[in-house]
Amino acid sequence: MNHVLRDSLSFIPRVPTASLSRCVRRALLLGATASIVLGSASALAQQNAQASNEATAQAIAQAVAQATAPASTQLIAQATTQATTQATTQATTQAPAQATTKATAANEATELQEVVVTGSLIRRTDTETPSPVQVITQEDLVNSGYTTVSEVLRNLSANGAGTLSQSFNSAFAGGGAGVSLRGLTVGGTLTLIDGHRMVGYPLTDDGERNFVDVTAIPFNAVESVEVLKDGASAEYGSDAIAGVVNIILRKTFTGANVMVEGGTSSHGDGNMVHADGIWGIGDLAADGYNAYISAEYRGQAQILSANRSGAFTNLDWSGVGGVNTTPGAGNNPFSPYPASLTGYLINPTTNAIGAYLPGCTAALQAANKCTFQTPGLQLQPATSSENVLGKFTKSLGENWQSVTTLSIFETHAQQAQPTLNPTGYPSGFTIISYPPGGVPTPHISPVITVPANYPGNPYGVAAPLVYNFPEIGLPFTNFKTDTYRFMQELNGKAAGWDISGTVGIMYSRLRQDDTGFLDPTATQNVLNNGYILGTGGSMTQQMAPFAQAVDTSGLTLANLHGSRELMPLPGGNLSMALGGEYYDERLNSPAPPSSVAGIQGMNNAWAMGSMADVAGFAELNAMMFNHEQFKQIELNAAARYDQYNTFAGGQLTPKFGMKYTPIPELAFRGTWGKGFRAPSIPETNSGLAFGANAIPDPVLCKNGSTGAGTFPSQCAVALTGVQSGNPMLQPEKTTNLTLGTIFEPNKNFSVSADYYDIKINQDIISAFEAGGLGYGGLTTLVRGPQVFLPENGFATPQQTPVGLMLYNSYPYINASQDETDGFDIDMKGHLDLASYGRLSGELTYTHIMSFKLEALGQSYQLAGTHGPSGVSGDTGNPKDRATLNLSWDRGPAGVSATVNYIGSFSVTDPSAGLNTCAQAIDGAFTLEYGPRFAPGAAFPGSYCTVGSFTDVDFYAHYDVTKNFQVHASILNAFNQGPPLDLQTYGGGGGAAYDAAMHQQGAVGAFYIVGASYTF
């Protein structure tokens, strides 16, 4: 709400505005207080006195003094008007240039600045709009203690299920991070920079969703972040169904500032170095231009799983009724052929474990003495960024202005796959080749063997090998992304219109460098040519050749819009905005050639194509006002029509909003609108193969893991899924509703509460994500050849009656109707403690009341569960999130504390058929370690809930001099560990925690110190 409006209405009766000076009339219309009016006049008198003479100043002072005597506000206004007129006339006569300039400056200083708030195109003075908008200032960013925009956004209370982090080390969009407002995935949140679309990350989330990588935003160039917690398709088009994150860059900057800081964890790892600088010249008002350039470097080292201990890194669950999942354990029923760093051979006659190579024996393996923790697994990958951003603003005269922005963002990230390279026993290797325009083709390579003359081979013939190739190391991907952004804006006034035109070109190039991915055929050739396991050397490069892919995305846009006041209304004006937009997205994201050919098993997702949109939009805003009853009504209406050159076709999206202020301290607001999300390029033209959760083979494990006729190794098979695009998809269509209230009893405190409801029809998901939703008829199971495996009731391996499961195909479909509703609370205030400084605080809280998926007439309630578990690393769907910040400033010193809270949630996921805790825990599977509990096993009841997580951060600064400042922060100050989560597959390093929700707990306490200098 408008602070000035709140303080004034009870003091100022109705007066004829025609009799008032420009500044007083403006102040009254905006609700200026009498004290502000008097102060403005006095200030004007003082400035004009300097420009004219002593007598003039005395005359003005006398007029003001008369006005301050007990009288009506009308007399005050008249006296102020007379004083202002007299001062201006005399000053103009005696010192025309100087007096006129200063009088104008004083006049304009009393006007409240009009701004454009995210979600509207019409300028306004009141930043509280009919739509709820959370504003994170530059000061808030710094006080958080974090050093990247992505870390701050990760802690948004409205950020929910499906949020993407860099620590999910099996992500298709490795190296990127995105926001998922309302838990509706990163594809349902539109991320803007300065109100304009940003080019998407070249890799797509789950091979499906386009998103903007928020790690590639320079920290010191950000002026604020506005989070629109309402659907905004009527303003911005597709992808804004859950809301908008608008990152606003600095408008201008003069002078220079440099900052350097470094940090390390309480374990002495994950070291961070961050340095930035910004330099600018030119005063826009005085010189007619401003130019600044910002540069930033940030690098952070990896944190290994082996360097953390706690329940979330535990691998041996045998003490609580589970299995020992430690690699190499000899008593894991789901791993009859244990992993090995030293190697052993299979008897080619009996198919039983036979000779052990040096380093382990049968007795040691049975006693779990040959176990190991996979080296190189990362809880946190190594990352770095180098960013340069420049902006040049030039006044063109006659209220016109040119703004040119150019930026280059370069980011580096890693992804270590949570598995060492096995030799494929007993089923060999299945690599799915899926070339663009082709069909999925399984490439089956036989089990790797050692030749008959290999040292330690007693069988006289080639013998199957079980070995994890530590000399090759983990499959590892380095990501290097270069993003280029050029924007040219032209803003001005003409014929009563505020006009803004923008053209932009953006391009992002990502290079994937893959190492450690085994080539089974080449490996067999190396062994046949005399390679001795464990010796390393150049021959390992033949076994796991270097692979590379270059992925690109592009965006071209043009936007022209204008706004103007149509007519005066009792409460302000009737304003209108009109505009049009064009944008063209391009994506060329191939898989590495060796993956496409079926030679190496790696990220084989590909997506290619383009999509263009032409749109027209309009907005009306009416400030209706009944002064006598102290009632104000603001009405807003917007509509947009988008025409795509794809099957999505044309889409019309309206939106209506209202804000009602019965008394100055209280307002009610609400919005209703439609929205849509056009099928993305990868949803229409893509392909990928992925490892899914472990499931029992319906034929080979039909009687349970201990039943007769069962092959135990097939009771938990990480079945490969194949997903393909569907060009006939319909757009997702939404209905958004918000209802809220704002209470601001005084200028020091305000609280808002907003209810939201979002309904999505024709939700686009893959049949895999549908899980237990009943779309099984759309999938196709492909099997390979029959093999010999251990079978219950037999001493030796038996031939399977059917071939092993190879993969399941999952098409994209318009599957379900989703609906989520809940409420947000935002409370903020500050207290002046006089000589003891200033205390301020803000609380944001989000509660999800319901999160429903509906399919085939069945409804699934997922709020507070792990569903939908098939999306973005299975992050979980907590009902409650909150952030509390308290800051104290006094003179040169300041301290802030931030509490980030994430509520508990269940491990179940009804949408995937995991209706009970036992079903969720028994079905949980990690790529590295397999199932932790056998079906029907007893386990502690506490595992059924992922506990709440509270992270406390501190930040402090001290101004040593006017130019030199030091600062320090502690993240997760109380070293709170992450809650245990046995359902997720997205934990860093395959550990049992949610990397997207609880990453700071896995890192532990983190300490940062730094200094900055202003020139």
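The legends below describe close-up views of a predicted model.

**View 1. The largest cavity and its lining.**
About 590 Å³ of space lies in this cavity. Its lining has 38 residues. T148, S150, E151, R154 and Q166 lie nearest the centre. By class, the lining splits into 14 nonpolar, 20 polar and four charged residues. Rolling a probe the size of a water molecule over the atoms is what shows such empty space.

**View 2. Elements around the largest cavity.**
Which elements give two or more residues to the lining? They are α8 (149-154), β8 (289-300), β13 (383-397), β14 (400-416), α17 (995-1003) and β45 (1006-1014). The largest share, five residues, comes from α8.

The largest nonpolar core holds 68 residues. L153, L181, V225 and V245 have the most contacts inside it. What does V225 touch, once its neighbours within four places in sequence are left aside? The partners are Q134, V135, I136, L153, V245, N246 and I247. Two of these, L153 and V245, are also named among the residues with the most contacts inside the core. A second, separate core has 19 residues, including Y454, L518, V526 and L527.

**View 3. Two cis peptide bonds.**
Most peptide bonds are trans. Y425 and P426 are joined by a cis bond, with omega about 10 degrees. P426 sits in the loop between β14 and β15 (429-433). The bond from G867 to P868 is also cis, and its omega is near -5 degrees. Where is P868? This proline lies in the loop between β36 (858-861) and β37 (880-890).

**View 4. Positive phi at N972 and N975.**
Most residues other than glycine have a negative phi. N972 has a positive phi, near 50 degrees. N975 has a positive phi too, near 55 degrees. N972 is found in the loop between β44 (964-971) and α17. N975 lies in the loop between β44 and α17 as well. Is N972 buried or exposed? Its relative accessible area is 1%, under the 20% cut-off, so N972 counts as buried. N975 has a relative accessible area of 40%; this value falls between 20% and 50%, so N975 is partly exposed.

**View 5. An open four-stranded sheet.**
The strand order is β11-β10-β18-β17, and the pairing is antiparallel. β11 (353-356) and β17 (449-450) stand at the edges. Each has a single partner strand, so one side of each is left without a neighbour in the sheet. Strand β10 (residues 344-346) is joined to β11 by two bridges. Across this antiparallel pair, I346 stands opposite I353.

Strand β29 (residues 732-746) and strand β30 (residues 749-766) run antiparallel. How many bridges join them? There are twelve. The hairpin has two residues between its strands. N736 of this pair stands opposite I758 in β30.

**View 6. Pairing of β30 with β34.**
β30 also pairs with strand β34 (residues 805-832). The sense is antiparallel, over 16 bridges. K759 stands opposite E819 in β34.

Key. Residues numbered from 1 in each chain as written. Predicted model: local features only at pLDDT ≥ 70, side-chain atom pairs only at ≥ 80, totals over all residues. Heavy atoms only, no water. 1 Å grid on protein atoms, 1.4 Å probe; cavity = no way out; pocket = protein on both sides within 12 Å on 5 of 7 lines; lining within 4 Å. Points joined across faces, edges and corners; volume = space filled by probe spheres on them. Nonpolar A, V, L, I, M, F, W, Y, C, P; charged D, E, K, R; others polar. Core = buried A, V, L, I, M, F, W, Y, C linked by side-chain atoms within 4.5 Å. Buried < 20%, exposed > 50% of the residue type's maximum accessible area, 1.4 Å probe, protein only. Contact = heavy atoms within 4.5 Å. Pairing = 2+ DSSP bridges.
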